[in-house]
Amino acid sequence: MEDLPLIIDGEDKSSPFKNRLRKNYKAARKWGMKTTTNAFRIYDQEILEYPYSIDFYGGQILIYTYLGKKEGEDPVEPLIELLGIDPNRIVWKDRIKRKRTEQYDKLDHARQFFTVYEHGVKFAINLIDYLDTGLFLDHRTTRQMVAKKAAGKQVLNLFCYTGAFSVHAAANGAKGTKSVDLSNTYLKWAKRNFNLNQIGLEHHTFVKADCMKFLNEEKEGYDLIIIDPPTLSRSKGMEEMFDVQRDYPYLLNQASKLLNQGGEIYFSTNLRNFRMDESLFPHLKIEAITHQTIPFDFHNQKIHQCFVVSISGSV
């Protein structure tokens, strides 16, 4: 792909960071060329003096800094030198721990969208306007798991964000998808992603709703259900604040009522200290699959937890 530049080779013993960046990018580029993917992590807080996460999105770079970690040596010059990246295509963002009642608001109004590929599927990315980019890279492998099972299936995507799971499912032959989110902005973004891939919307619907209330009211059955909720959320359209550790039993119990015979729920969370109490679900089979879903380019093995849930004896 044109936006996967060749790296300037040759070890530099004076810069461990530059050598690590070179090694990581070369491995990611080689994998990306084979899989038609040009969005991946090229550095993940691996050296103490460089407490950053650095993501590559189709020739543009996003550098995350973290609250509580002392800012280290400047990573920009090595990125420019190794990748030939225009410094104007490098974006910095802070990853901060939010207060329980605080929302992730828009950061800017640049509306600078561009397209990346993930396993040949296109996604609209925006590095400027929001804290998140439109595509959670740590769930790339999970999306592939769903995609490989989606043919002929009815798929429900709760807390759908920009619809990445839905798009992958549709692109791989899902009979139908339903994407549910409380944000009009994200639902519009999800439709944009469907349009990017020239997927007609006849069998793919988008529902603006509080997912907790939606689960209580929905009557249709599904073969695959994706639940990737925020850790905490207090949106205007919600009756009360959502807390994943408190509310996950309701989510799984209600979602399981919508499963068709042999259906599965993919449940994930980014809450590091999340605890799954399987004793709360005697009727369900719960399998932890996190070791299978962390992508090769993420060195932080606690980036998320992931589970496959099904009706006991149905799979």
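How many salt bridges does a search of the whole structure find? The search turns up ten. A salt bridge here means a side-chain nitrogen of Lys or Arg within 4 Å of a carboxyl oxygen of Asp or Glu.

Keep in mind that this is a predicted model, where local features need pLDDT of at least 70, side-chain atom pairs count only at pLDDT 80 or more, and totals for chains, interfaces and linings use all residues. Residues are numbered from 1 along each chain as its sequence is written, and side-chain values use heavy atoms, leaving out hydrogens and water.

Here are some of the pairs:

| Salt bridge | N to O distance |
|---|---|
| Arg20 and Glu46 | 2.8 Å |
| Arg143 and Glu118 | 2.8 Å |
| Glu264 and Lys149 | 2.8 Å |

Let's start with Arg20 and Glu46, whose side chains meet in a salt bridge. Arg20 sits in helix H1 (residues 16-35), while Glu46 is in the loop between strands E1 (39-44) and E2 (53-57), 26 residues apart. Helices (H or I, at least four residues) and strands (E, at least two) are DSSP runs, numbered from the N terminus.

Next up, Arg143 pairs with Glu118. Arg143 lies in helix H3 (residues 140-149) and Glu118 in strand E5 (residues 113-118), so this pair ties together parts 25 residues apart in sequence. Both Arg143 and Glu118 are buried. Buried means under 20% relative accessible area, exposed over 50%, and partly exposed in between (1.4 Å probe, protein chains only).

Then there's Glu264 with Lys149. Glu264 is buried at 11% relative accessible area, whereas Lys149 is partly exposed at 34%.

Finally, Arg41, Asp44 and Asp55 are linked in a salt-bridge network.
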